[in-house]
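Here is a briefing on one protein model. Look over the sequence and fold, then read the notes by topic.

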Amino acid sequence: FMSNEPPPFKRNQFGGQLGGPILQNKLFFFSSYEGLRQRQQLDLNSLVLSDSQRAAITDPVILRLVPLIPLANFVDSSGNPRFVGSASASVNTNQWTIDLAYNLGSKDRLHGYYNIFRTSNVEPSRNGNTIPGFGNTSRLTRQVLTLNETHIFGPTLVNELRLGFNRFNSTTNPNAQQNPTEFGIRIGIDQNIGLPQISVAGGLNFGGPSINPSGRADTTVVISDSLSYQREKHSLKMGGEFRQFFNNNFRQGTGSFNFPTVAAFIAGNANSFSVTLGNQSSSITENAFGFFVQDNFRWRRNLTFELGLRYDWNITPTERFDRFVDYVPTINSLVR
């Protein structure tokens, strides 16, 4: 039975906010929360095996893989057995913020802000998967923190000090985290990270995704200071910034098999295979400096000149374990 109705889709978004004084005329806060819950069924239409094709299998590895493939519930116009159905694709998101303002005195004001965003997304057909139970799940966290202190030296001189932090962290894992050796697949991987991604010409794709598990984390820390000075027709501003960026990545591919026909798959005869063994990781650091001076000169009532100079130094990135690779023309080779 095939329905012409679209697959179910449900989305709920909700939240709230609260703010007010904590200490009268001194400390104030504002906070918020927002949530998202999304439930969706994605259509799947995949080539599968007929009962007679299943009965013809003798290869021990394929015999262990076949139970993962759903039974045919439809035959297309060319007589090919197919599975037509759906798979769940859910999204769960939460976001919180807090904003604080504190008057330290008549000449100092402190301001802080923090935001955290977390989401989990299930993609059942990621990287071409065509049957239920596969695809991947991504979990992501973003954070932002800022601190700002403003000091008034006098009516013409103000200093502003800023500290900043932001972080992005995500991991993506196969939904089916089997150990390939338990299926008789000996490719140098003996962990529960997922099967190799298996593609059969005609529209059957399961296992993997071959590009997962993987993840990355980006962290940036910034400190900056600026001084503003007003004098007659001049509005002068100067300051500097130091920024430090950290990037960490990892990936453990599950590998991939390709079969040119269903008959080749039944016999266990792949026409290509690829895998990169081990954890392909990196740990990169990059620092940067910046300095500037700027003058807004109001020469006449209807004419202002903006004059400025800025210098930035983006320092060469480094890798924690010296894993950068460079091409050296004189020896026609890559050198670590």
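Asp322 is found in the loop between strand 16 (318–319) and strand 17 (326–328); strands (E, at least two residues) and helices (H or I, at least four) are DSSP runs, numbered from the N terminus. Asp322 is not a glycine, yet has a positive phi of about 55°. Asp322 is exposed, with a relative accessible area of 59%. Here buried means under 20% relative accessible area, exposed over 50%, and partly exposed in between (1.4 Å probe, protein chains only).

The model is predicted: local features need pLDDT of at least 70, side-chain atom pairs count only at pLDDT 80 or more, and totals for chains, interfaces and linings use all residues. Residues are numbered from 1 along each chain as its sequence is written, and side-chain values use heavy atoms, with hydrogens and water left out.

**Backbone exceptions**

- Most residues other than glycine have a negative phi, and most peptide bonds are trans.
- Asn25 has a positive phi, near 60°, and is a residue other than glycine.
- Asn25 sits in the loop between strand 1 (9–23) and strand 2 (27–47).
- With 59% relative accessibility, Asn25 counts as exposed.
- The peptide bond from Gly208 to Pro209 is cis, with omega near -5°.
- Asn212 and Pro213 are also joined by a cis peptide bond, with omega about 5°.
- Pro209 is placed in the loop between strand 9 and strand 10 (214–231). Pro213 lies in the loop between strand 9 and strand 10 as well.

**Confidence**

- The mean pLDDT of the protein is 94; pLDDT is the predictor's confidence in each residue, from 0 to 100.
- 99% of the residues reach 70 or more.
- Confidence is lowest in strand 3 (residues 74–75), at a mean of 90. Confidence is highest in strand 5 (residues 108–123), at 97.
- Where pLDDT is low, the predicted coordinates should not be read in detail.

- Strand 4 (residues 81–103) and strand 5 run antiparallel, joined by 13 bridges. Two strands pair if DSSP finds at least two bridges between them.
- Four residues separate strand 4 and strand 5, which form a hairpin.
- Gln95 stands opposite Phe117 in strand 5.
- Strand 5 also runs antiparallel to strand 6 (residues 136–154), with 16 bridges between them.
- Gly112 has Leu147 of strand 6 as its bridge partner.

- Four strands form an open sheet of mixed pairing, in the order 9-8-12-13.
- Strand 9 (204–206) and strand 13 (272–274) each have a single partner strand, so one side of each is left without a neighbour in the sheet.
- From one strand to the next, the twist averages 10°. Axes are lines fitted to C-alpha atoms (for helices over the stretch in contact), and angles run from 0 to 180 degrees between N-to-C directions.
- Strand 12 (residues 256–259) and strand 13 run antiparallel and share three bridges.
- Phe257 has Phe273 in strand 13 as its bridge partner.

**Nonpolar surface patch**

- Leu145, Leu147, Leu161, Leu163 and Ile223 make a nonpolar surface patch of about 370 Å².
- Patches are made of residues with over 30% relative accessible area and no salt bridge: nonpolar side chains (Val, Leu, Ile, Met, Phe, Trp, Tyr) are joined within 5 Å, like charges within 9 Å. Accessible areas come from the Shrake-Rupley method with a 1.4 Å probe; for residues, only the protein chains shown count as cover.
- Strand 6 and strand 7 (157–174) each supply at least two residues of the patch.
- Leu163 lies in strand 7. Leu163 is partly exposed, at 39% relative accessible area.

**Salt bridges**

- The count comes to six salt bridges, each a side-chain nitrogen of Lys or Arg within 4 Å of a carboxyl oxygen of Asp or Glu.
- Arg162 and Glu160 meet through their side chains in a salt bridge (3.2 Å, N to O). Arg162 is partly exposed, at 41%.
- Asp312 forms a salt bridge with Arg310, with the closest N and O atoms 2.7 Å apart. Asp312 is partly exposed at 41%, and Arg310 is partly exposed at 46%.
- Arg323 forms a salt bridge with Glu319, its closest N and O atoms being 2.7 Å apart. Arg323 is partly exposed at 28%, whereas Glu319 is buried at 5%.
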